[in-house]
Amino acid sequence: MPESLSGLGLGGAKGRYLSLCALYLFIYYGFGAFAPLITQYYESIHLTGTQIGLISAVAPIVSIVAQPMWGMICDRYQIRKTVLILTLIITGLVGLLFTGVSSFVYVFLLYILLSFFQSAVVPISDSLALGYAKGHGMQFGDIRLWGAIGFALAAFITGLLVEQWGPHVLFYSFCLAFLIAILFLRKVPEEVTEASRFRVSMLAGIRDLARIPRFALFLISSFCMMGSVNANNIWFSLFYQDIGGTIAGIGLAFLLFAGSEAPFMKLAGYIVRRWGLELTLLLSAIFCAMRWFWYSSAPSTTAVIAMFFVQGISVGFYLATAAQFVRENTPASLQVTALAIFFSVGGGLGAMFCNLVAGWIKDSFSVLAIYLFFGMITAIGIIPLLMIKFGRWKQISPDEEVQASQ
């Protein structure tokens, strides 16, 4: 019997597992309080669509540099928990500073600072969870689904609070959630193997990863897929209001959307075991593209809410399997670095591009046109996944693939 099932009967093992789940719950509660409703704050201080796009794009730009840096620090010195504690504290406190500013310049500068430290949170927490899942016979999605639950609860609860007391309340929720997450992080085990200890420069690590065709193709796909998904978190509130929704309705929508990710993350484990990672990722991208094209047709708010489960199929499947794909297709000595590069390209470069274009589209055309663009770029991202699944690059040991290319 896997240790994930048998070991949980023991107090220590159960406590570590529950702490890891709680860590995800509160980290993504912070994200859920911030991302879906930050546009309401921008609107309250009268920013234009282009200014919103520029601010939203700065986080990805910073993460392109910062995430590989954080990853290399963690891989080299094996201090993932220490770095994560530090970045959670600073990110939460910087979030509070937004309550005292109201001009574009100050918001822009604060967002740069927040993005630098926040960029470490997801890759490091995913690395900890992936190591634990592998060592205890679990699927990563079984842990990651708690992040979806936290995000859903935060979007709904914070939406109600914002409607009652104004957009500044989201920053207090954001900071508090990150500080609570630290309490659970202390009990999370840090799985470190001898294979993961190494001494390599950042450029050498990136060079070795770039020589793995399956990983390079996946980065191209993540640029398109993750770019549109992350940008949607910023622009959805304006889209929902544009088709007749309310601020409270935005919170309800995110509750259902993000809440639907949890069961589909659980289902993703079954699909991966039966049909493989590649097909699961491909299915998620296809549903994601269909969703954005549908949004561009101005559906009713009732229809958008009724089809909430589409996010579970698209985003839920992807989040449960993308990090696992990276882990299984990169050398063990570059795990955190590879995850950091993945998030830099998808959640970073891709989100930057999508947010900049979306801001221009809003000012020049309409919010609905933003989702037509999202659909088009996601459809482009399906092509690399098709090449991974049906092309000539079969999966071999990532370490062997790097050696073969040298």
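**View 1. Helix H13 runs from residue 277 to residue 295 of this predicted model.** With 19 residues at 1.5 Å each, H13 should span 27 Å, and its end C-alpha atoms do sit 27 Å apart, so the two values agree. The expected span is taken as 1.5 Å times one less than the number of residues. Helices here are DSSP runs of H or I with at least four residues, strands are runs of E with at least two, and numbering starts at the N terminus. The buried residues of H13 include Leu277, Glu278, Leu281, Cys288, Trp292 and Tyr295. Buried means under 20% relative accessible area, exposed means over 50%, and partly exposed is in between (1.4 Å probe, protein chains only). The cover over those buried residues includes helix H11 (213–242), H12, helix H14 (301–306), helix H15 (309–328) and helix H17 (367–390).

A quick note on the model: residues are numbered from 1 along each chain as its sequence is written, and side-chain values use heavy atoms, leaving out hydrogens and water. Since this is a prediction, local features need pLDDT of at least 70 and side-chain atom pairs count only at pLDDT 80 or more, while totals for chains, interfaces and linings use all residues.

**View 2. Glu278 and Arg214 form a salt bridge.** Their closest N and O atoms are 2.7 Å apart. Glu278 belongs to helix H13 and Arg214 to helix H11, so the pair ties together parts that are 64 residues apart in sequence. A salt bridge here is a side-chain nitrogen of Lys or Arg within 4 Å of a carboxyl oxygen of Asp or Glu. Searching the whole structure turns up one salt bridge. Both partners are tucked away: Glu278 is buried at a relative accessible area of 16%, and Arg214 is buried at 2%. Side chains of opposite charge can pair when their charged atoms come close.

**View 3. Asn232 sits in helix H11.** Asn232 has 3% relative accessibility, so it counts as buried. Setting aside neighbours within four places in sequence, Asn232 is in contact with Arg291, Trp292, Tyr371 and Phe374. Contact means heavy atoms within 4.5 Å.

**View 4. Phe374 belongs to the largest nonpolar core, which has 130 residues.** Along with Phe218, Trp235 and Phe236, Phe374 touches the most other members. H11 supplies the largest share of this core, 15 residues. A nonpolar core is a set of buried Ala, Val, Leu, Ile, Met, Phe, Trp, Tyr and Cys residues joined through side-chain atoms within 4.5 Å.

**View 5. Leu267, Tyr270, Trp275 and Leu279 form a nonpolar patch on the surface.** Together they have about 370 Å² of accessible area, worked out by the Shrake-Rupley method with a 1.4 Å probe, where for residues only the protein chains shown count as cover. Patch members have over 30% relative accessible area and no salt bridge; nonpolar side chains (Val, Leu, Ile, Met, Phe, Trp, Tyr) are joined within 5 Å, like charges within 9 Å. Helix H12 (residues 247–275) gives the most, with three residues. Tyr270 is found in H12 and is partly exposed, at a relative accessible area of 42%.

View 6. Ala248 touches Leu160 and Glu163, leaving out residues up to four places away in sequence.

**View 7. Asp142 lies in helix H8 (residues 140–165).** Asp142 is buried, with a relative accessible area of 15%. Beyond residues up to four places away in sequence, Asp142 touches Tyr17 and Lys266.

**View 8. His46 and Ala298 each have a positive phi without being glycine.** Phi is about 65° at His46, in the loop between helix H3 (38–44) and helix H4 (49–77). His46 is exposed, with a relative accessible area of 69%. At Ala298 phi is about 60°, and this residue lies in the loop between H13 and H14. Ala298 is partly exposed, at 40% relative accessible area. Most residues other than glycine have a negative phi.
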